[in-house]
Amino acid sequence: MFPDKNFEAEWPKFKRHGYIRFTKNLRCERNTSASIQEKLIARSPKFAAPPDKAVLCRVMLSVFSDTHFMKQALAEAQNAFEADEVPVGAVIVCDNRIIARTHNQTEQLTDVTAHAEILALTAASGHLGSKYLPDCTLFVTLEPCVMCAGALAWAQIGRIVYGASDDKRGFMLYGGKSLLHPKTRLEMGILEEECAALMRDFFQKKRK
């Protein structure tokens with residue numbers, strides 16, 4: 001929830017960029033269309049002014065949910081798919097803001113280490129000016145490999161959330177959580193089917 005002093009200031013930005021769609025029961029969802037947002041507000045004049053803090057809290061819970069951020073990682077994976085890269089995408093979030101968004105670029109960069117997670121760590125560390133990321137969360141569409149798990153351990157990242165499991169090269173097969181920093185929290189299965197489907201489509205396309 002926004003701090004009180006920013007409540008009035010932040011609401012116009014959300015409204016202007018069309019981040020929020022109000023449903024009848026006051027739950028909110030992301031919507032990229034500013035024109036739709038304006039129409040919804042026109043139909044619900046009480047939302048033309050900043051809503052009460054209870055409503056804004058619901059907005060924040062929806063916009064900054066794990067599902068929302070995994071969708072951003074999935075969009076990066078789609079970019080990789082279209083570039084003929086293995087479709088893995090990642091975003092790193094700090095204080096509910098995406099500070100890095102990347103996808104696999106091993107073909108483009110001719111670099112076997114250019115996995116989405118490695119590139120995201122580099123971008124996030126550059127943004128924060130720190131090699132350690134204890135207050136950050138990595139959202140990645142596929143279970144990291146051992147190489148990426150090691151890099152995430154060195155970065156001391158606070159939390160890892162991945163979508164689909166990797167039954168061949170995933171780090172859970174080779175030591176699991178013991179490969180990560182002791183304080184790193186691990187969650188999995190967010191948008192698992194969508195993430196796995198993109199991988200299946202990519203490799204089916206390759207076999208043709």
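Residues are numbered from 1 along each chain as its sequence is written. Because the model is predicted, local features need pLDDT of at least 70 and side-chain atom pairs count only at pLDDT 80 or more, while totals for chains, interfaces and linings use all residues; side-chain values use heavy atoms, without hydrogens or water.

Start with confidence. pLDDT is the predictor's confidence in each residue, from 0 to 100. The chain averages 81, and 70% of the residues score at least 70. Residues 1-8 fall below 50, and this stretch has 15 contacts beyond near neighbours in sequence. A contact means heavy atoms within 4.5 Å. Residues 10-49 are also below 50, with 61 such contacts in the model. Where pLDDT is low, the predicted coordinates should not be read in detail.

Now turn to the sheet. Helices (H or I, at least four residues) and strands (E, at least two) are DSSP runs, numbered from the N terminus. Two strands pair if DSSP finds at least two bridges between them. Here 5 strands form an open sheet in the order S4-S3-S5-S6-S7, with mixed pairing. Strand S4 (97-103) and strand S7 (185-188) are the edges, and each pairs on one side only. On average, neighbouring strands of this sheet are turned by 15° against each other, direction ignored. Helix H7 (residues 192-207) packs on the sheet. Helix H7 touches strand S5 (136-142) and strand S6 (159-164), and its direction makes about 60° with that of S6. Such angles run from 0 to 180 degrees between N-to-C directions, and the axes are lines fitted to C-alpha atoms, for helices over the stretch in contact.

Look next at strand S3 (residues 89-94). S3 pairs with S4 in the antiparallel sense over 6 bridges. Cysteine 94 stands opposite arginine 97, and valine 93 stands opposite isoleucine 98.

Why is S3 largely enclosed by the rest of the structure? It is enclosed because 6 of its 6 residues are buried. Buried means under 20% relative accessible area, exposed over 50%, and partly exposed in between (1.4 Å probe, protein chains only). Gly89, Val91 and Val93 cover one side, while Ala90, Ile92 and Cys94 lie on the other.

Helix H5 (residues 116-128) comes next. Its 13 residues reach 18 Å from first C-alpha to last, close to the 18 Å expected at 1.5 Å a residue. That expected span is 1.5 Å times one less than the number of residues. Its buried residues include Ala116, Ile118, Leu121 and Ser125. Among the elements that cover the buried residues of H5 are S3, S4, S5 and helix H6 (146-155). Just after H5, glycine 129 takes a positive phi of about 70°.

Last, the cysteines. A disulfide is a pair of cysteine sulfur atoms within 2.5 Å. How many does a search of the whole structure find? It finds 0. The sulfur of cysteine 94 has its closest cysteine sulfur in cysteine 136, 4.0 Å away, so it is too far for a bond. Cysteine 94 is buried, at a relative accessible area of 10%. Cysteine 148 is in no disulfide either, and the nearest cysteine sulfur, that of cysteine 145, is 3.7 Å away. Cysteine 148 is buried too, at 0%.
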